[in-house]
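The sequence and the model are placed here for reference.

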Amino acid sequence: MPSPVTVLVVDDHPVVRDGVSLLLRYDPAMTVVGSAETGRSAIQRAAELKPVLILLDLRLPDMLAPEVIAELRRVHPAGRIVVFTAHGDHQGVRAALDSGAHGCLLKDVAGTDLVAALRQVLRGERVVDPRIFPDDGQRSDALARSGLTRREYEVLRLAAQGQTNPEIAESTGLARNTVKTYLQSALHKLGARNRVEAIGKASEAGLL
């Protein structure tokens with residue numbers, strides 16, 4: 001039998017913590033092993049429990065989500081972090097994703113949808129509820145036309161922010177060689193000779 005997928009739920013509202021536990025019953029392979037109400041306790045619990053998945057509220061009483069995510073990645077690099085939010089706080093979600101979160105879901109997600117999204121994250125995909133960034137539909141179309149995969153696009157987007165390959169590796173949890181491979185593939189698909197040219201072509205195509 002495969003090992004159960006252990007989940008740590010971080011939210012300052014008991015109703016949400018209990019609700020997530022109920023929703024995860026749709027998948028008997030997932031089990032909530034702990035919970036935390038604050039960023040600091042989340043970091044401590046993650047270090048102790050080493051959960052496979054961490055469901056993290058975007059707004060905690062003591063720390064900003066990007067700070068919590070950075071510390072979670074430090075104490076438990078293998079953990080997959082999915083931000084949970086009650087509303088589409090665009091800037092907050094972007095900051096959380098840029099800090100290394102592997103996905104972001106709205107709290108009104110149905111149980112089967114939650115399990116499906118978490119399964120995608122476990123497969124290495126980044127999952128963001130489409131309602132959070134409704135204007136990203138145009139970007140999705142541009143992405144489809146470019147032939148870039150989500151991972152190639154993500155690496156290119158971080159490169160456009162001025163991050164080096166080691167920094168991108170740190171942000172995404174990928175190996176440095178993997179980052180290099182994704183960038184080279186993105187350059188090839190965009191018909192670019194270097195990183196600067198690729199960023200220019202991606203901007204022209206409406207990707208950045």
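At what angle do helix α7 and helix α8 pack, and how far apart are their axes? I read an angle of about 125 degrees for α7 (residues 150-160) and α8 (residues 165-172), with the axes 10 Å apart. I worked on a predicted model, in which local features need pLDDT of at least 70, side-chain atom pairs count only at pLDDT 80 or more, and totals for chains, interfaces and linings use all residues. Residues are numbered from 1 along each chain as its sequence is written, and side-chain values use heavy atoms, with hydrogens and water left out.

**Entry 1: helix pairs.** I took helices as DSSP runs (H or I, at least four residues), numbered from the N terminus. Axes are lines fitted to C-alpha atoms over the stretch in contact, and angles run from 0 to 180 degrees between N-to-C directions. I class α7 and α8 as oblique to each other because of their angle; angles under 35 degrees count as roughly parallel, over 145 as roughly antiparallel, 65 to 115 as roughly perpendicular and the rest as oblique. I next looked up α2 (residues 39-49) and α3 (residues 65-75), which pack at about 15 degrees with axes 9 Å apart. α2 and α3 are therefore roughly parallel.

**Entry 2: cavity.** I found one cavity of 30 Å³ or more. A cavity is a set of points on a 1 Å grid over the protein atoms alone where a 1.4 Å probe fits but cannot get out; lining residues have an atom within 4 Å of a point. Its lining includes R80, H102, E125 and R151. Domain 1 (5-128) and domain 2 (136-205), bounded by an automatic or database assignment, both contribute lining residues, so the largest cavity lies between them.

Key: 1 Å grid on protein atoms, 1.4 Å probe; cavity = no way out; pocket = protein on both sides within 12 Å on 5 of 7 lines; lining within 4 Å. Points joined across faces, edges and corners; volume = space filled by probe spheres on them. Helix = DSSP H or I, 4+ residues; strand = E, 2+ residues; numbered from the N terminus.
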